[in-house]
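Q: Hi! I'd like to go through this structure with you, step by step.

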Amino acid sequence: MTASQDPRLRQLPSVERVLQQLEAGGHLNGIPRPLAARAVRQVVEGARRRLIDGTAPAEWSPALVIEESTRAVAWSGHSRLTRAVNATGIIIHTNLGRAPLSQAAQEAVRAALAGYTLLEIDPETGDRGSRQTHVEGLLEITTGGEAGFAVNNNAAAVLLGLAALATGREVIVSRGELVEIGGAFRMPDVMAQSGARLVEVGTTNKTYRHDYERAITPNTAMLLKVHRSNFSMTGFVHEVEVRDLVGLGAARGIPVMYDLGSGALVDVRTRGLPAEPTVQEAVAAGCALVTFSGDKLLGGPQAGIIVGRAEAVDRCRRHPLARAVRIDRLDLAALAATLRHYLTPDEAWAEVPVLRMLAADAHELTDRALWLTHQLRNVLEDRAVATCISADAQVGGGALPGAVLPSAAVLVQPGDGAPEAWAARLRERRPAVIVRIQDGGLLLNLRTILPDELDAVVDAFR
Ligand SMILES: *Cc1c(COP(=O)(O)O)cnc(C)c1O
């Protein structure tokens, strides 16, 4: 169907008409006009597109545009970047900002944003210093690396490491490790952007030491290992351990870079979880550079961390890209506070929310789920049925793929049979409560709800 064919197109109100109507209805009160106009324009343009390409529903009417605009304008008026309770059971939830910060990290951010900070001033001499001094020592101590450097995120850390060590030269990677992470980050593409040339070796499922060895030329700058952080391979598989890769590199004078992705600084096996390589192991194996995220298993702010040999880290520090991918002061403050917890691993398990959620005892979660069920029954009365059930939680965020954590949940089944509408209402609450829909109900998974958020969850259902 073309534009001239759908007669309803002529009924489509103009942006100005919709705005007037909303204004008359009092829907624009307190909402900045440019934001409201932008929201309405998007709704009207969306409706026009659907009428033109024939995807508008049969029951389409101009009233629908007004209704949609009213909602869009209400949302446009306030920030959506608001506090949320994660009831999904996915601990490192990228759409919810990955890792919630510890109390100490939150306080460090508040202190850093209250005014000016000693970001790049040496307090002893008053001279210009480096912002990296706030994390460098902590990174060396917690990872065992000779040097450490923080950037904007791990994608930037990988890009910088490749650019600093391998531009114009060859980097050898196993075909089984040419991964894609979260859509836009594909190892071959990042490699191309860094100016390094990718040399693929082995097959999808098996790569041996001799595969790397045969690919080495005088132009080889690096052997790269990438942790398959968001999927697992089982069965007929073989990969070269990082220690062996470093051994091969050392014999030929070629540095090894290891992109760990999630980057655990604690051994998660001690809490009954499947093995995840630690940063310390990768550093101790002798890698020139190890890169990982600040907001995955580390449980801190968005950041990319580079640790390893002093000479290699220094080349990253001096590369022109370092300035383009530098970490900002708020993330730096939160990162330093988060790393401080890891000076005492027991403190990290007690204070870092991601680790607390990973380690939470299933019986304790069941107790909390029973308490929440009871509270919700009181609040909901006969509007919905609340049942305490067992459920699984996931680590998420490209860490510990396939690991299933036993958990407890409350299933809230609305009497009106419209769980999606209930979930939408919960998203409008402050804090917003984000749930999963399952079995015709809302599933509230206790593993990702912090104990001090339980009252807010009960409140949201009032
Ligand atoms: C997550 C991940 C990245 C990207 O890290 P960001 O901090 O999201 O930029 C890169 N490599 C691996 C292996 C990852 O798991």
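A: Happy to! One term to start: a residue is buried when its relative accessible area is under 20%, exposed when it is over 50%, and partly exposed in between (1.4 Å probe, protein chains only). Also, this is a predicted model, where local features need pLDDT of at least 70 and side-chain atom pairs count only at pLDDT 80 or more, while totals for chains, interfaces and linings use all residues. Residues are numbered from 1 along each chain as its sequence is written, and side-chain values use heavy atoms, with hydrogens and water left out.

Q: Okay, how much of the protein is buried?
A: Of the 462 residues in the protein, 48% are buried. The C-alpha atoms fill a box of roughly 75 × 60 × 60 Å, taken along the principal axes.

Q: And how many helices and strands are there?
A: The protein has 18 helices and 15 strands. Here helices (H or I, at least four residues) and strands (E, at least two) are DSSP runs, numbered from the N terminus.

Q: Which strands form the open sheet, and in what order?
A: Seven strands form this open sheet, and the order is β2-β10-β9-β8-β7-β3-β6, with mixed pairing. Two strands count as paired if DSSP finds at least two bridges between them.

Q: Which strands stand at the edges?
A: Those are β2 (147–151) and β6 (197–201). Each has a single partner strand, so one side of each is left without a neighbour in the sheet.

Q: How do β8 and β9 pair?
A: β8 and β9 run in the parallel sense and share four bridges. For example, methionine 257 has leucine 289 of β9 as its bridge partner. Strand β7 (residues 220–226) also pairs with β8 in the parallel sense, again over four bridges. There, lysine 225 has tyrosine 258 of β8 as its bridge partner.

Q: How many residues of β9 are buried?
A: Five of the five residues in β9 (residues 289–293) are buried, so this strand is mostly covered.

Q: New topic: which residues are around the ligand?
A: With "around" meaning that a heavy atom of the residue lies within 4 Å of the molecule, the list is Arg98, Asn153, Asn154, Ala155, Ile181, Phe185, His227, Ser229, Asp259, Gly261, Ser293 and Lys296. Two elements, α6 (154–166) and β8 (256–261), each supply at least two residues of this shell.

Q: What does the ligand's nitrogen atom sit 2.6 Å from?
A: A nitrogen atom of the ligand is 2.6 Å from an N or O atom in the side chain of aspartate 259. On the oxygen side, a ligand oxygen atom is 2.6 Å from a side-chain N or O atom of serine 293. A ligand oxygen atom is also 2.8 Å from a side-chain N or O atom of lysine 296. These are polar contacts, meaning pairs of N or O atoms within 3.5 Å; within protein, one atom must be able to donate a hydrogen and the other to accept it, and residues adjacent in sequence count only if both atoms are side-chain atoms.

Q: Arginine 98 was in that shell too, so where is it found?
A: Arginine 98 is in the loop between β1 and α4. Its phi is near 60°, a positive value in a residue other than glycine. With a relative accessible area of 21%, arginine 98 is partly exposed.

Q: And serine 102, buried or exposed?
A: Serine 102 is buried, at 2% relative accessibility. This serine is in the loop between β1 (84–86) and α4 (103–113), and its side chain makes a polar contact of 2.8 Å with the side chain of histidine 341.

Q: What is the phi of glutamate 381?
A: About 50°, which is positive although glutamate 381 is not a glycine. Glutamate 381 is in the loop between α16 (362–380) and β11 (384–394), and it is exposed, at 64% relative accessible area.

Q: Which helix does glutamate 364 lie in?
A: Glutamate 364 lies in α16 and is partly exposed, at 42% relative accessibility. Glutamate 364 and serine 407 are 43 residues apart in sequence, with their C-alpha atoms 9.4 Å apart in space.

Q: Last one: is the peptide bond from arginine 430 to proline 431 cis or trans?
A: That bond is cis, with omega near -5°. Proline 431 has its place in the loop between α17 (419–428) and β13 (432–434).
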